[in-house]
Amino acid sequence: MPISSGLNNDQIRVGIVLPEDKIHKISVSWSSQSKVSGNLPDLGSTHNLSLSVEAGNIKVNGLRGGQRVPDLTLQCPDKVESLSSGTGFQLNPVIAGRGFHWEKQISVNLPGELKITVEEGHLKIINTLNVEAYVACVATSEMGADAPADLLAAQTVVARCWSMALAEAKHLTEGFDVCNDDCCQRYQGTSFLTKHSLQAAMDTLGEVLLWDNKVIDARYSKNCGGMLEAYETVWEGEKVPYLIPLWDAPEQRSGQAVDNFEDLWNYEDAYCSSKRFESVNLAAMLGKVDVSGSYYRWEQVLAKTDILRNLVKYNDKVWMKLTGIRIMERGPSSRIKYLFLDGIDESGRIVEQLVKSEYGIRRMFSDSFLYSSAFVIKNAESLVDDDHVILRGVGWGHGVGLCQMGALGMALANIGYRDILAHYYPGTTFTKI
Ligand SMILES: [Zn+2]
Ligand SMILES: [Zn+2]
């Protein structure tokens, strides 16, 4: 029986510059040694183009006489064995962290093909490349360069499964398979590629996990908080048989994390527990963005005025006061599925607002995206009068599937990547395609 996946062939299309980024000017450069081709004459005479939007076309500076073209295609090698740090087209600027508080402009190095067009008056750039090359780059972008080999191997297989399953397919109507950001998987091309991560990609070439002969939808997040969350807590739809609640630990305990928050708070045996990383440089192992703690346990003080501002932003409602928070339902890991905000509106009426989904809750409570929806309200007793809300929470991210910090904890305990994968995706089978 053939193995099925969401990709039609071994190429993946990644949206790099999107019309919403509103970029009108970009530079594309490459090393004079790289083999580059494209739909422009004279490409051999330069290795630096400056592109801008002019009257709905792309103005190309850098070639003799300049050019104006409706679209531009450039190719360079993308075989995984041909890659090294910095190979490919260097593009500057590109947006990273789109829509988040850490949004910034970076430069990236992209192997494979660039298709550059103008859409809604802005540049749009799609990078099509071999899925193995993409996976090698993603695993590095998601992980620090000093990550242990088994962590990188596990993350590489997971990235490959996620890319091939393409279960979310958020961007098909925009003409590409995935975007370059956390919305899909963080992809910054070969910019941070190391020998180490390239080796992981080569060593695991074609390795995937299957369920029912189908490449699995391998979800992952930074830190589960002690128990893996069930798929259906976070996303709509049917249960997924391999994305189920499990203690992220050597031994399965009885019951679930949600049964007793105090007990969960004090639980330190998990693979992702801060206790395991006391003498470890986490930033070097887990990548560059937002790593300043382990996020296994956290406490945050939120100003009520900030929550009320988000209420206007997302629900168009102006309230005078936030008087209470009613948590209605939690998933097995303690992540909240939905809650109600209670308050008083502009005309003095008592009102309530439903806040749905793990994503919606994290967005409502913090502009910088709350670490997770697995929290309790520490000042619940005095909340009605306080001008702030104190949250005590566990974990970072949705907690479904592989826990990246837990996988790090396992790798540091000398557990091999195939056992790491078997732990996070129980019942799946490992194969090479
Ligand atoms: Zn996306
Ligand atoms: Zn975990």
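A residue is buried if 20 or more other C-beta atoms lie within 10 Å of its own, exposed if 12 or fewer, and partly exposed in between, with C-beta atoms placed from the backbone. The structure is a predicted model, in which local features need pLDDT of at least 70, side-chain atom pairs count only at pLDDT 80 or more, and totals for chains, interfaces and linings use all residues. Residues are numbered from 1 along each chain as its sequence is written, while chains are lettered from A and ligands numbered from 1 in the order in which they are written.

**Close-up 1. P19 in the loop between β1 and β2.** The loop joins β1 (11–17) and β2 (25–29); helices (H or I, at least four residues) and strands (E, at least two) are DSSP runs, numbered from the N terminus. P19 is partly exposed because 16 other C-beta atoms lie within 10 Å. Leaving aside neighbours within four places in sequence, P19 is in contact (C-beta atoms, placed from the backbone, within 7 Å) with E119, E120, H122 and K124. S5 is 14 residues from P19 along the chain, and their C-alpha atoms are separated by 29 Å.

**Close-up 2. I336 in strand β18.** The strand covers residues 336–345. I336 has 25 C-beta neighbours inside 10 Å and therefore counts as buried. Apart from residues up to four places away in sequence, I336 touches I327, R330, I361 and S373. Y359 is 23 residues from I336 in sequence, with 10.0 Å between the two C-alpha atoms.

**Close-up 3. Helices α2 and α3.** The axes of α2 (residues 149–165) and α3 (residues 195–203) come within 9 Å and cross at roughly 55°. Axes are lines fitted to C-alpha atoms, for helices over the stretch in contact, and angles run from 0 to 180 degrees between N-to-C directions. The angle makes α2 oblique to α3; angles under 35 degrees count as roughly parallel, over 145 as roughly antiparallel, 65 to 115 as roughly perpendicular and the rest as oblique. On the α2 side A149, L152, A153 and T156 take part, and on the α3 side H196, S197, A200, A201 and D203. By class, this contact of α2 with α3 has 5 nonpolar, 3 polar and 1 charged residues. Ala, Val, Leu, Ile, Met, Phe, Trp, Tyr, Cys and Pro count as nonpolar, Asp, Glu, Lys and Arg as charged, and the others, Gly among them, as polar.

**Close-up 4. The buried residues of α3.** S197, L198, A200 and A201 are buried in α3. Seen down the axis of α3, they fall within an arc of 155°, so they line one face of the helix; the arc is that of the directions from the helix axis to the C-beta atoms. These buried residues pack against α1 (131–142) and α2.

**Close-up 5. Helices α7 and α8.** The axes of α7 (residues 304–315) and α8 (residues 358–365) cross at roughly 125° and come within 8 Å. This makes α7 oblique to α8. I307, N310 and Y314 of α7 meet R363, M364 and F365 of α8. The contact of α7 with α8 comprises 4 nonpolar, 1 polar and 1 charged residues.

**Close-up 6. Helix α9 and its surroundings.** In α9 (residues 404–412), 8 of the 9 residues are buried, so the helix is largely enclosed by the rest of the structure. The buried residues are Q404, M405, G406, A407, L408, G409, M410 and A411. They pack against α2, β15 (220–221), α6 (282–286), β22 (402–403) and α10 (417–424). Just after α9, N414 has a positive phi of about 65°.

Terms used. Contact = placed C-beta atoms within 7 Å.
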